[in-house]
Each structure stands twice: as structure tokens, then as C-alpha cells.
Amino acid sequence: MAKIIDGKAIAAKIRAEISAEAARLKERGIVPGLAVVLVGEDPASKVYVSMKEKACADVGIFSDEYKLAAETSEEELLTLIDKLNNDPKIHGILVQLPLPKQINTERVLEAISPEKDADGFHPYNVGRLVIGKPLFQPCTPYGVMVMLKETGVDLTGKEVVVVGRSNIVGKPVAFMCLQQNATVTLCHSKTRDLAAKVGQADVVIAAVGVPEMIKGAWIKEGAVVIDVGVNRVGEKKLVGDVEYAAASERASAITPVPGGVGPMTITMLLQNTLESAKRGM
Ligand SMILES: NC(=O)C1=CN([C@@H]2O[C@H](COP(=O)(O)OP(=O)(O)OC[C@H]3O[C@@H](n4cnc5c(N)ncnc54)[C@H](OP(=O)(O)O)[C@@H]3O)[C@@H](O)[C@H]2O)C=CC1
Ligand SMILES: Nc1nc(=O)c2c([nH]1)NC[C@@H]1CN(c3ccc(C(=O)N[C@@H](CCC(=O)O)C(=O)O)cc3)C=[N+]21
């Protein structure tokens, strides 16, 4: 049976460190500040935004929340971002995705100052990540890397298979694993024989968004499985992208859903905001 990689516990440990560091900064008159911008009424986004605010309050980070109507224009949003870029109380800016369709997401992400890009989505930060000199690292991939480190997984020479090539998870996590000297295979919906690719992996990172599509039987005996997927099935139940019960029979370590990567994402957002405030000192 696999060791369960407890994202909640790792997140709690890091949050305690962030909290202590924020208290030290406060003595010097600095309070890290995060602006969270939500456009529209997407129920999942609302839940995430309120989780982010609570997490900030818990560690002593100032959070300023902007809830804009679903019909907000791109110009209005860009005006707000410009204001936040110039606000000295704010060290991190997060625009919750997805945005309503009248708004060009790329234009918005590029308008955020790269020095306040707590999500790490600005092309400047994406480029820095690709050349191995990150300023801000995107929160979910950053969280995955911290979990691997905390689990004692050394990626040097390992075969890592990432399933999913989104700009927010799959692509950046692949580059981060490459930076740690893994041999990385990046799979997607056009990949042929996914089962065989996954079967080669010492470490599988699943970020697909399809409930339990990675079958337990595909996992190599002793592999480490990181499941980024968060899929709601029915009213209440959350499942990952990996067939958890079967995969944990074969894996040496596996992340659960919930309680795996999810809590790490928000923790790394706090970390990014703290690091940004320290850089601005
Ligand atoms: N825990 C957390 O903090 C976070 C969790 N998530 C979760 O992670 C999952 C992925 O999110 P995200 O990256 O934004 O998703 P996207 O929908 O942006 O990307 C999904 C990727 O999976 C690929 N894909 C889809 N179907 C298949 C298939 N049958 N076989 C192989 N590849 C496939 C797509 O391929 P193609 O490019 O060819 O279309 C695409 O690259 C979701 O469940 C999401 O909720 C996301 C962000 C944070
Ligand atoms: N600009 C932007 N940045 C993001 O980082 C971002 C985003 N937009 N849009 C949506 C995705 C998704 N995301 C998650 C955050 C926390 C959990 C999380 O904490 N999940 C809990 C369960 C939460 C629940 O019960 O719903 C867990 O897995 O244990 C999941 C997913 C951040 N995202």
C-alpha cells in the first residue's frame, strides 16, 4: 500500500512558517498584501476566493478583495489592475480564472505587473521559469514540487510523465521537473497509448480534469503519483484524475483528493505574496 502524501499537513507546516515570517516583517512595519479579483458569479471560483481570503487572514497577510459584476468590461478590469499595480500596500495580484468571455484573459494577465504576479502567469514569469530563473512560480506546480521534496523524492534521472499541458499546471510543472534533472514526457489529448507512457513513469503528475481517467493498472509498481485533478462528481464528492484505490495498491506514494495538491496551491500563493513583500523591502 502506498504512503499517502498529506498535502494538508505539509501545507499546515509551511503556513506556520509563513505566519512566523509575516510576524517578523510586521515588527519592521511591513504587512504583505494580496489583492484577489473575482469577475462574475462562478460558484467554484467564489469558494476558492473565500478560501484564499481565509488563508491570508490566518497567516497575517492583508487581503483586499474585488468582486466585479459578470458584465464588467475589459477596460474596467484593466483600470483596476493598473490601480493595484501602483498600490504600495499590495505585493501580489491574483485574477481568478476563468474570466467571462467578453474579457481577453491574455491581455489581463499581461497587464499585471510581473513584480506582483503572485500566480506566476505573466509571460515574463513564464519565460523566467523556462530558463530556470523563476521570479514567481505558479502556485499549483510550485506546490507539487514542494510536496515531492517533502516526500523525499529526488527527481534526478527519474522518468516523469505529466498528463495535461495547460499553461497553469501541465506545462510549468514539466519545466520545473526538467530543472530538477528529470526526464520529462508531457502528454495530452492527442498522445497515443497513454497507458504505456504512464507505465514508464517513476513519477506520474496528472492534471487532466477527467475523473479517474488514469487507471490504477497503468501505474508502475513503486511509482509516485501526484494527482492535481479536482473533479466534482454529483453534489458533494470530489475525485482526482487518478483511479485512487487501484493506483494506491501499486504506487509507493500518492496524493489524495481532497487533501492533496489543493491545500498546497493556496499555501504557495501565500508564500509568493510573502516573497514579493520581502523583495519590495
Ligand atoms: N489542485 C489545484 O490546486 C488545482 C487543480 N486543478 C485541476 O486540475 C485539472 C486540470 O486543470 P487544468 O490544467 O486547468 O485543465 P485544462 O482543461 O486547462 O487542461 C487539461 C489538459 O488535459 C488534457 N486532456 C484532456 N483529456 C485528456 C485525455 N483523455 N487524455 C490525455 N490528456 C487529456 C488536455 O489536452 P489538450 O491540450 O490536447 O486539450 C489538456 O492539456 C482539473 O481537474 C482542475 O480542476 C487545476 C488547477 C489547480
Ligand atoms: N488565477 C487563478 N489561480 C489559481 O490558482 C486558480 C484559478 N485562478 N482558478 C481555479 C484553479 C483551481 N484552484 C484550486 C485551488 C485550491 C483547491 C483546493 O484547496 N482544493 C481542496 C478542496 C476544496 C473543495 O472542497 O472544493 C482539496 O483539494 O483538498 C483546488 C483548486 C486554483 N485555481
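These legends describe close-up views of one predicted model. Local features need pLDDT of at least 70, side-chain atom pairs count only at pLDDT 80 or more, and totals for chains, interfaces and linings use all residues. Residues are numbered from 1 along each chain as its sequence is written, with chains lettered from A and ligands numbered from 1 in the order in which they are written.

**View 1. The two assigned domains.** The domain assignment, which is automatic or from a database, gives domain 1 (29-113) and domain 2 (139-261). Their C-alpha centres are 28 Å apart.

**View 2. Packing of α6 against α10.** Helices here are DSSP runs (H or I, at least four residues), and strands are runs of E (at least two), numbered from the N terminus. Helix α6 (residues 139-150) packs on helix α10 (residues 261-279) at about 110 degrees, and their axes are 8 Å apart. Axes are lines fitted to C-alpha atoms over the stretch in contact, and angles run from 0 to 180 degrees between N-to-C directions. The two helices are therefore roughly perpendicular (65 to 115 degrees). Residues in contact (C-beta atoms, placed from the backbone, within 7 Å) include Y142 and V146 of α6 and M264 and M268 of α10.

**View 3. The shell around ligand 2.** Ligand 2 is surrounded by 18 residues (C-beta atom, placed from the backbone, within 6 Å). The closest are L97, V230, P258, G262 and T265. Elements giving two or more residues to this shell are α2 (43-59), β4 (92-95) and α10; α10 gives the most, with four. Domain 1 and domain 2 each supply at least three residues to the shell.

Notes: Angles under 35 degrees count as roughly parallel, over 145 as roughly antiparallel, 65 to 115 as roughly perpendicular and the rest as oblique. Two residues are in contact if their C-beta atoms, placed from the backbone, lie within 7 Å.
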